Amino acid sequence: MSVWSKLNLITSIQGLIFQNNEEDYRNSIDHFVSWCEDHFQLLNVRKTKEIIFYFRIKKSALQPIKIKNEEVEIVDSYKYLGVLIDSKLDWHPHSSAVLSKINGRMYFVR
């Protein structure tokens with residue numbers, strides 16, 4: 001009797017979009033999706049998130065990423081390996097979450 005378990009992999013793809021040229025970024029995502037298909041890895045698009053760090057004054061509209069005809073959700077913050085990352089690279093949300101967790105545990109110590 002064999003037991004199969006799901007293997008959840010966390011993958012992060014970073015890309016620099018320079019002078020509004022998204023082609024390299026989109027090509028790397030397409031390459032990753034085709035690699036997953038070639039190696040029999042299931043990619044859950046509903047769990048896939050995109051966070052955009054943008055510091056210019058004028059924001060240009062970026063086309064949403066599509067994987068298997070499903071749009072990838074764009075989020076303002078994401079928890080990656082236990083760290084809450086904000087789209088403005090602000091540490092306040094992560095610090096508040098850690099402080100809240102500490103206060104909850106200190107309640108039981110008292």
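**The hairpin**

I looked up the pairing and found strand 5 and strand 6 running antiparallel, joined by 4 bridges. Strands count as DSSP runs (E, at least two residues; helices are H or I, at least four), numbered from the N terminus, and two strands pair if DSSP finds at least two bridges between them. This is a predicted model, where local features need pLDDT of at least 70, side-chain atom pairs count only at pLDDT 80 or more, and totals for chains, interfaces and linings use all residues. Residues are numbered from 1 along each chain as its sequence is written, and side-chain values use heavy atoms, without hydrogens and water.

Across the pair, I see Tyr 78 opposite Ile 85 in strand 6. The hairpin has 2 residues between its strands, and Leu 81 takes a positive phi near 55° there. Leu 81 sits in the loop between strand 5 (77-80) and strand 6 (83-86). Leu 81 counts as exposed because its relative accessible area is 64% (exposed is over 50%, buried under 20%, partly exposed in between; 1.4 Å probe, protein chains only).

**Another positive phi**

Which loop holds Asn 69? I found Asn 69 between strand 2 (66-67) and strand 3 (70-71). Asn 69 has a positive phi of about 60° and is not a glycine. At 77% relative accessibility, Asn 69 is exposed.

**Helix 2**

I then checked Val 109, which lies in helix 2 (residues 92-109). Val 109 is exposed, at 62% relative accessibility.
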